[in-house]
Amino acid sequence: MAFDRHASGRRALLLCAAAGLALAAVRAFGDEAKPASPIYGITVPDGYRDWRLIAPALEDAPLNELRAVLGNDVAVQAYRTGTLPFPDGSVLVKLAWKRTPSAEFDSATVPGPATTVQVMVKDAARYPQSGGWGFGRFIDGKPVDEAQHQTCFACHETRVKERDFVFTRYAR
């Protein structure tokens with residue numbers, strides 16, 4: 001049997017394309033080896049701590065938290081241009097810590113122990129029942145139970161439907 005270098009090249013190209021699509025799916029929908037949220041299947045995105053700050057926030061009692069919302073490049077661009085609804089591929093991550101008085105400066109509050117990492121992923125085709133958003137809430141890297149995830153969209157829908165279900169406003 002003669003070697004057909006063109007057929008071999010096509011097979012290699014197809015394998016590369018398939019590998020690229022698989023990698024894109026893992027990046028978009030999460031790594032199966034990572035803990036995923038019930039209902040939505042969201043995982044904590046790799047590298048999110050290097051994303052840009054969207055806004056900080058203070059949450060009063062009973063949570064008493066300092067929060068920071070970070071966004072990937074797609075979300076940041078949507079915020080900067082005022083694009084609503086957010087485009088598919090937008091990802092927001094909210095970090096939260098207990099508010100702790102600073103030991104060095106009496107009037108300052110600093111982050112204490114971490115409480116949660118919350119993730120929103122925009123994918124209208126995957127999440128049509130929740131305004132196009134998938135939700136994940138994690139404590140110590142593990143997703144909270146299904147009952148807590150069932151409250152995510154209802155809260156967002158009731159309070160911020162007109163802003164594509166996103167609470168956080170861009171801090172300029």
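Tyrosine 79 is buried, with a relative accessible area of 9%. Here, buried means under 20% relative accessible area, exposed means over 50%, and partly exposed lies in between (1.4 Å probe, protein chains only). The model is predicted: local features need pLDDT of at least 70, side-chain atom pairs count only at pLDDT 80 or more, and totals for chains, interfaces and linings use all residues. Residues are numbered from 1 along each chain as its sequence is written, and side-chain values use heavy atoms, with hydrogens and water left out.

Six aromatic pairs occur in the structure. Rings of Phe, Tyr and Trp (its six-membered ring) pair if their centres lie within 6.5 Å; planes under 30 degrees apart count as stacked, over 60 as edge-to-face and the rest as tilted. One of the pairs joins tyrosine 79 and phenylalanine 86. Their centres are 5.0 Å apart, with 70° between the planes, and the pair is edge-to-face. Phenylalanine 86 is also buried, at a relative accessible area of 5%. A further pair joins phenylalanine 86 to tryptophan 133. Its ring centres lie 5.7 Å apart and its planes stand at 70°, so this pair is edge-to-face. It links distant parts of the chain, 47 residues apart. Phenylalanine 86 sits in the loop between helix 2 (73-81) and strand 3, whereas tryptophan 133 belongs to strand 5 (residues 133-139). Helices (H or I, at least four residues) and strands (E, at least two) are DSSP runs, numbered from the N terminus. Tryptophan 133 has 0% relative accessibility and counts as buried. Ring pairs link Tyr79, Phe86, Trp133 and Tyr170 into a cluster.

Attention now turns to strand 2. Seven of the seven residues in this strand (residues 65-71) are buried, so strand 2 is largely enclosed by the rest of the structure. In a regular strand, side chains alternate between the two faces of the sheet. Both faces of strand 2 are covered. Glu65, Arg67, Val69 and Gly71 are buried on one side, and Leu66, Ala68 and Leu70 are buried on the other.

Strand 2 has antiparallel partners. Two strands pair if DSSP finds at least two bridges between them. Seven bridges connect strand 2 to strand 1 (residues 52-59), and the two run antiparallel. Leucine 53 stands opposite leucine 70 of strand 2. Strands 1 and 2 form a hairpin, with five residues between them. In the turn, asparagine 64 has a positive phi of about 55°. Seven bridges also connect strand 2 to strand 3 (residues 91-101), again running antiparallel. There, glycine 71 stands opposite leucine 92.
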